[in-house]
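User: I'd like to go through this model with you, a piece at a time. Could you take my questions as they come?

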Amino acid sequence: MERRDFVKSSALTAGAIALVGPRLSAAGSAQAGSTTATSMPAPPAVDAATRDLLMEALDAATGAGAGYADARVGLYRNRRIGTRERRVTNVSESDSLGLGVRAFVSGSWGFAATREMSREAAVRAGRKAAAIGAANARVERSLVTLAPVEPYGDVSWSSSYEIDPWDVPIGDKVQYLLDLNEVALGTQGVSFVSSELHFVKIETTSATTEGTIAAQRIIRVNPQMSITAVAPDRSDFQSRGAVLDPAGRGWEYIRDRMTPEAVEVWASEAVQKLSAAAVEPGPYDLVLHPSNLWLTIHESIGHPTELDRALGYEANYAGTSFLAPPSQVIGRTRYGPEFMQIVGERTSEGGLATIGWDEEGVKAQEWPLIENGIFVDYQTTREQVAWISDLTGIQRSHGCSHAQNWSSIPFQRMPNINLLPALEDVTLEDVIGATDRGIYVESRGSYSIDQQRYNFQFGGQVFWEIRGGKKTRMLRDLAYQARTLDFWNAMDMIGGAGTYYVGGSFYDGKGQPGQVNAVSHGCPVARFHQINILNTGRRRAG
Amino acid sequence: MRTIDRRSLLGLVRDAQGRAGPDRKGLTEQEARALADRILGLSGAEETQVRLASGWRANTRFAVNRVTTAGSSEDITASITARFGKRAASITTNRLAEDGLREAVRGAEELARLAPENPERLPLPGPQSYATVHGYFDSTAELDADRRAAVAASAIAEARGSGDLEAAGFLRPTAGSTTIANSAGVFAYHPGTQFEYSITARASDGSGSGWAGTGGRDWSEVEHEELSARAVEKAMRSRDPRPLEPGVYTAVLEPAAVSELVGLLTRSLSARSADEGRSAFSRKGGGTKIGEPIVDSRVTISSDPAALGAAPFAGAGGFGGAGSDDAGLPLKPTTWIDKGVLENLFYSRYWAQRQGVEPTGFPNTFIMQGEDRSLEDLVSSTERGVLVTRFWYIRAVDPRTILYTGLTRDGVFLIKDGRIAHPVNNFRWNDSPLAVLGKLEAMSRPVRVTPTREVPAIRTSEFTFSSVSEAI
């Protein structure tokens with residue numbers, strides 16, 4: 001495509017969405033629990049050769065003593081395109097194909113994986129997984145049991161997307177970024193810009209000895225851009241990053257949101273930050289845009305509600321949870337106000353953790369974690385259900401088993417976790433208008449939280465002072481610091497469905513060896529009463 | 001599902017996996033050379049670069065006093081970068097049969113032709129010579145499932161034997177080889193092993209937690225029972241912490257904590273960012289702070305692959321992947337901070353050429369020198385201070401001062417009159433390694449903390465604990 005044509009077509013497609021700004025544009029199509037598929041590509045089918053390998057692996061594992069086994073063949077593809085100012089810094093593609101088998105032997109797990117796609121290798125991996133499980137079972141007789149699951153037979157599923165990113169020529173993608181970089185560099189005061197597109201395509205077929213074999217296709221996109229302004233005397237520099245969030249969608253997600261008009265706004269914000277006023281530390285009413293709030297949900301609700309964490313299974317790395325023991329907290333802990341509804345799900349269209357069936361053949365579902373402000377349930381896999389079923393009355397897994405690739409063992413990972421919007425039509429302007437002395441924050445910044453999820457400190461990208469119900473001047477160098485339950489119980493206002501936005505990350509980390517998990521979090525704008533604000537521009541941030 | 005490659009694998013690859021001969025994991029030098037030559041031979045690009053990563057990785061996890069998961073996998077990946085002038089692109093694949101390789105090479109060429117020119121691209125480096133580094137140890141490569149389970153069993157027994165403690169831990173060995181080869185004549189090959197081992201002992205009522213851990217290349221150097229005992233003792237002593245107000249305290253930081261702080265400093269050592277005015281090492285008005293004192297005059301931090309058994313060339317891991325112009329350059333010993341003075345910054349080949357200096361490797365392995373005393377000596381010479389075992393969830397707050405925030409974890413104690421008086425609550429901290437090392441009071445002998453890092457414990461006169469964390 002000629003550069004001129006390219007610019008023309010991107011400007012056309014940008015038009016519709018740019019006027020309302022990129023950050024709010026997702027709201028319409030991303031309501032929690034939305035099931036309207038705008039475009040559902042044909043799901044993949046279970047291929048005979050793959051089925052053959054999986055059955056060999058499962059038979060080998062059960063033949064070597066496994067009471068249960070699951071196996072997956074997966075092709076994991078990544079494409080990355082990176083640019084900086086007027087040049088390309090990275091064009092790379094990776095693919096990895098292999099087979100992993102997990103075997104449950106006398107209550108212990110073993111796992112083995114191979115890159116060899118042969119029957120012999122599948123058999124070796126199945127036997128090895130069972131042998132490792134048996135070695136572990138010798139250390140300690142465990143009492144792990146697996147919750148029942150339905151056999152679904154042959155099933156298939158695909159992410160919803162309009163345009164497979166692999167169908168867009170590399171040259172067009174690179175030019176797309178370079179054109180946007182040019183927009184940023186055309187803004188007075190901007191010195192540097194970097195931009196990156198990361199695409200993921202995962203095609204897996206997984207099988208369990210319970211009788212489910214699922215062929216699934218996942219497409220994800222992650223657009224990134226960081227714009228830096230340097231003061232003329234080099235005494236200061238400020239960046240505007242985290243401009244967009246990743247999603248389980250196709251090229252159209254980038255085309256509609258990463259537009260020249262949006263870049264102009266981000267660039268001007270980077271420049272404005274240089275002359276923004278330093279914040280006076282102290283308590284403020286905090287209005288968080290969903291592009292900032294999603295990460296706070298992830299860290300202070302998502303992680304504490306992982307059941308393996310709460311019971312000590314992640315103690316050596318990711319940590320434990322303040323939300324424990326289950327008998328003391330389920331149905332008892334007040335997390336937040338009466339209007340606070342938090343759901344876990346793997347079903348929302350465009351969600352990063354959205355899937356058809358999990359690694360254990362459990363069908364994707366949606367369930368409440370916090371109901372009317374009260375904590376009611378954790379995230380679970382099949383082996384975890386019995387640990388809390390007496391307390392929840394739930395006898396089935398919530399389907400949270402996930403492995404990052406064929407060579408990694410599946411374990412409990414975070415689903416999409418969302419804060420539901422108010423039923424009334426409350427707008428961002430309504431929330432700001434009702435705030436006398438506050439700070440409004442957009443996009444995620446620095447983030448840190450302790451291993452039991454009590455104490456957190458989060459930054460942002462763009463901060464505005466609110467005085468007398470109006471956005472006044474831009475502020476800088478600030479972070480909010482709070483205790484999890486104090487913070488959520490201080491939530492005193494949330495926006496309606498019109499303010500709902502889905503953020504997320506490709507890089508939710510957990511486990512040893514560390515595995516990443518992609519997860520989305522939808523939420524409306526929300527206000528928090530009298531939260532402690534730090535000035536991070538001072539050397540000792542206080 | 002894409003068509004699965006069911007054709008027989010490249011002969012040499014099968015040899016590498018199935019051969020009984022010298023029992024090394026990963027491709028041998030001969031096999032790596034043959035595979036690299038095969039790929040370079042398939043390529044029609046003007047320049048081609050290949051990175052091969054091959055080998056075995058295994059792990060065993062335990063928690064709540066039982067082994068929870070364990071597994072192992074073997075893989076060989078080839079990253080192929082094709083270049084036409086200043087256009088370049090990379091493909092990484094583990095499909096090494098003839099058709100898989102052809103597809104990858106062709107794919108890299110196609111992508112490279114489409115990619116716009118990168119004006120900063122330099123021609124690939126030609127033949128180099130490398131120091132020989134011994135980094136492969138059978139003691140690590142032979143940690144099979146039974147041996148790993150035995151380590152876990154011993155840690156669990158130690159925790160059980162000390163009352164109501166629960167052990168959680170992780171042992172992960174890897175063994176294999178890394179190769180960088182290119183069409184201009186580079187061939188760099190390095191076989192290596194690595195391990196990490198850590199244990200957290202927790203009181204089952206959640207009233208205390210202690211951690212110990214290490215990493216390295218030679219498992220036979222590790223006394224894992226001693227580490228378990230240390231974690232267990234720390235968990236016992238840490239029970240029922242007393243409240244301590246946040247504030248600026250004298251702090252004794254154990255090596256695990258120091259390693260994190262120094263890592264924050266070394267990763268900020270980009271010459272380019274400094275020259276461009278967006279780094280803590282930019283000088284106001286232009287240029288860098290090279291030659292200026294930046295921390296206490298006893299601080300010396302350097303990189304030397306040979307000292308830590310690391311690959312002696314760029315591109316083997318971490319920075320400088322297959323696509324970079326730097327892959328295959330020899331890594332020379334480099335001192336970053338010499339007696340408190342900023343001695344060097346990281347110069348990529350491109351930036352070095354532009355600034356008229358020699359390129360350096362990136363400091364992703366480092367050694368910080370210490371002093372001739374033990375951790376216990378540091379404690380016993382402290383009048384009043386806080387002893388910190390390790391940090392958690394460290395994130396950047398302000399790159400202009402390398403200001404970070406994080407938390408303490410798994411053992412924080414108040415030191416009074418040279419003795420550990422009692423456990424205290426965990427803290428969130430906000431501080432900069434420049435400030436912490438600027439207020440250095442004393443150091444211990446350095447110890448190996450990870451396969452790529454060796455640092456001492458330190459005492460600093462000022463460390464900023466900014467708020468309390470109730471986590472235990």
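User: Let's start with B:Val64: how exposed does it count as?

Analyst: B:Val64 counts as partly exposed, because it has 18 C-beta neighbours inside 10 Å; a residue is called buried if 20 or more other C-beta atoms lie within 10 Å of its own, exposed if 12 or fewer, and partly exposed in between, with C-beta atoms placed from the backbone. Please keep in mind that this is a predicted model, in which local features need pLDDT of at least 70 and side-chain atom pairs count only at pLDDT 80 or more, while totals for chains, interfaces and linings use all residues. Residues are numbered from 1 along each chain as its sequence is written, and chains are lettered from A and ligands numbered from 1 in the order in which they are written.

User: And what is its phi, and where does B:Val64 lie?

Analyst: B:Val64 has a positive phi of about 50° although it is not a glycine, and the residue is in the loop between strand 1 (47–63) and strand 2 of chain B. Helices (H or I, at least four residues) and strands (E, at least two) are DSSP runs, numbered from the N terminus.

User: What about A:Ala242, buried or exposed?

Analyst: A:Ala242 is buried, since 22 other C-beta atoms lie within 10 Å. A:Ala242 also has a positive phi of about 50° without being a glycine, and its loop runs between strand 7 (237–240) and helix 5 (251–257) of chain A.

User: Which residues does the cis peptide bond with an omega of about -10° join?

Analyst: That bond joins A:Ala324 and A:Pro325, and A:Pro325 sits in the loop between helix 8 (307–310) and helix 9 (326–329) of chain A. A cis peptide bond also joins A:Gln512 and A:Pro513, with omega about -5°.

User: Switching to the contact, how many residues does each chain give?

Analyst: Chain A gives 79 residues and chain B gives 83, where two residues are in contact if their C-beta atoms, placed from the backbone, lie within 7 Å. On the side of chain A that touches chain B, the largest share, 12 residues, comes from strand 2 (residues 87–105) of chain A.

User: Which strands pair in the parallel sense over 3 bridges?

Analyst: Strand 3 (residues 108–114) of chain A pairs in that way with strand 2 (residues 66–84) of chain B, where pairing requires that DSSP finds at least two bridges between the strands. Within strand 2 of chain B, B:Gly71 is the bridge partner of A:Phe111.
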